[in-house]
Amino acid sequence: MTRFRLSQQHLNLLSLCPRKFQYTYLDQLVSPVSPDDEERIAWGNQFHLLMQQHELGLPVEVLLNEDTELKRCYTEFIKVASDILTLNADASNSIFRQAEHDRILNFKDDLLVVVYDLIKAEKQQAQIFDWKTYPRPQNRHLLEQNWQTRLYLYVLVETSQYLPEQVSMTYWFVKSPQKQPPQSLYFPYTQQQHQKTYEDLTQLIDQFHHDLNLYQQGQPFPQVDLEQGYCKSCQFAIRCQRVPDELSVNELIDSENLYNIDQIQEVKIP
Ligand code: SF4
């Protein structure tokens, strides 16, 4: 039996639409990234690299001098989050801290993998931090339900001596608008949430293996309910025959969605 390395991205996609998971990871159908997204991803990568340099106590000026927006966001962030970003601030209480810290957990027949942007482990608590380069979401509940939050907390408890109530996760939204300080969202954790995550993980992964079994016999993964509304913005809408009734494919290609439809020219990775 193949052992899978499942990350929060895999779990999120499986929860959103198993068929999309199949197209993306099993069939390896990929679409080109838009120039805007490409730029956003590059900026995010650069910010993560910067924070890793900072955490290692290495000079960051070279990175900052190349990008004024990066410099502004970094400077603002350091100012507002000095309590977590100041190195050796409370050395007597600290057990360890590390940027880009990865952990792997055996979960039944698979592996669950996480990468923390920053982890701070102290005697009585451990904190996970994550840097986000998109605006702070209005709906806190969605982020709480996201597999990143759930998996990151779950794996930390399962791979350490900390009780659920001793760990937390904080997202920092570092790309703040001009003259506005970066904002954060803090998520504590409980034993009850931990148990629920275990149950939901078990169900999701069992279902995944069930679907995989059928897929290997020629049956595609299930599609999400149309009523959920995800198909409208999905790059696989034509492949899934889920183009909205009121638009023909030709109309879609002619419309302002041209770029998105263009992305359906999926590239199959050999
Ligand atoms: S079009 Fe809908 S059913 Fe098909 S992969 Fe996308 S979200 Fe899933």
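## Overall architecture

Residues 24 or more positions apart account for 64% of the contacts in the protein with a separation of 6 or more. Two residues are in contact if their C-beta atoms, placed from the backbone, lie within 7 Å. This is a predicted model: local features need pLDDT of at least 70, side-chain atom pairs count only at pLDDT 80 or more, and totals for chains, interfaces and linings use all residues. Residues are numbered from 1 along each chain as its sequence is written.

The protein has 11 helices and eight strands. Helices (H or I, at least four residues) and strands (E, at least two) are DSSP runs, numbered from the N terminus. Of the 270 residues, 21% count as buried. A residue is buried if 20 or more other C-beta atoms lie within 10 Å of its own, exposed if 12 or fewer, and partly exposed in between; the C-beta atoms are placed from the backbone.

## Confidence

The mean pLDDT of the protein is 88. In total, 89% of its residues reach 70 or more. Over residues 251-270 the pLDDT is below 50. Beyond near neighbours in sequence, this stretch has 22 contacts in the model. pLDDT is the predictor's confidence in each residue, from 0 to 100. Where pLDDT is low, the predicted coordinates should not be read in detail.

## Helix α9

Helix α9 covers residues 191-216, 26 residues in all. At 1.5 Å a residue it should span 38 Å, and its end C-alpha atoms are 37 Å apart, which agrees. The expected span is 1.5 Å times one less than the number of residues.

T197, L201, I205 and D211 are buried in α9. G218 follows α9, and its phi is positive, near 105 degrees.

Strand β5 spans residues 126-132. Five of its seven residues are buried, so β5 is largely enclosed by the rest of the structure.

On one pairing, β5 meets β4. The two run antiparallel, joined by four bridges. Two strands pair if DSSP finds at least two bridges between them. β4 and β5 form a hairpin, with three residues between them. Within this pairing, K120 has Q127 of β5 as its bridge partner.

β5 also pairs with strand β6 (residues 167-173). Here the strands run parallel, and seven bridges join them. D130 stands opposite Y171 in β6.

## P188 in β7

P188 belongs to strand β7 (residues 183-188). With 13 C-beta neighbours inside 10 Å, P188 counts as partly exposed. P188 and Q127 are 61 residues apart in sequence. In space, their C-alpha atoms are 9.4 Å apart.

## Loop residues with positive phi

Q28 lies in the loop between α2 and β2 (29-30). Its phi is near 55 degrees, a positive value in a residue other than glycine. Q28 is exposed, with 12 other C-beta atoms within 10 Å.

Q241 sits in the loop between α9 and α10 (249-254). Phi of Q241 is near 55 degrees, again positive in a residue other than glycine. Q241 is exposed, with 8 other C-beta atoms within 10 Å.
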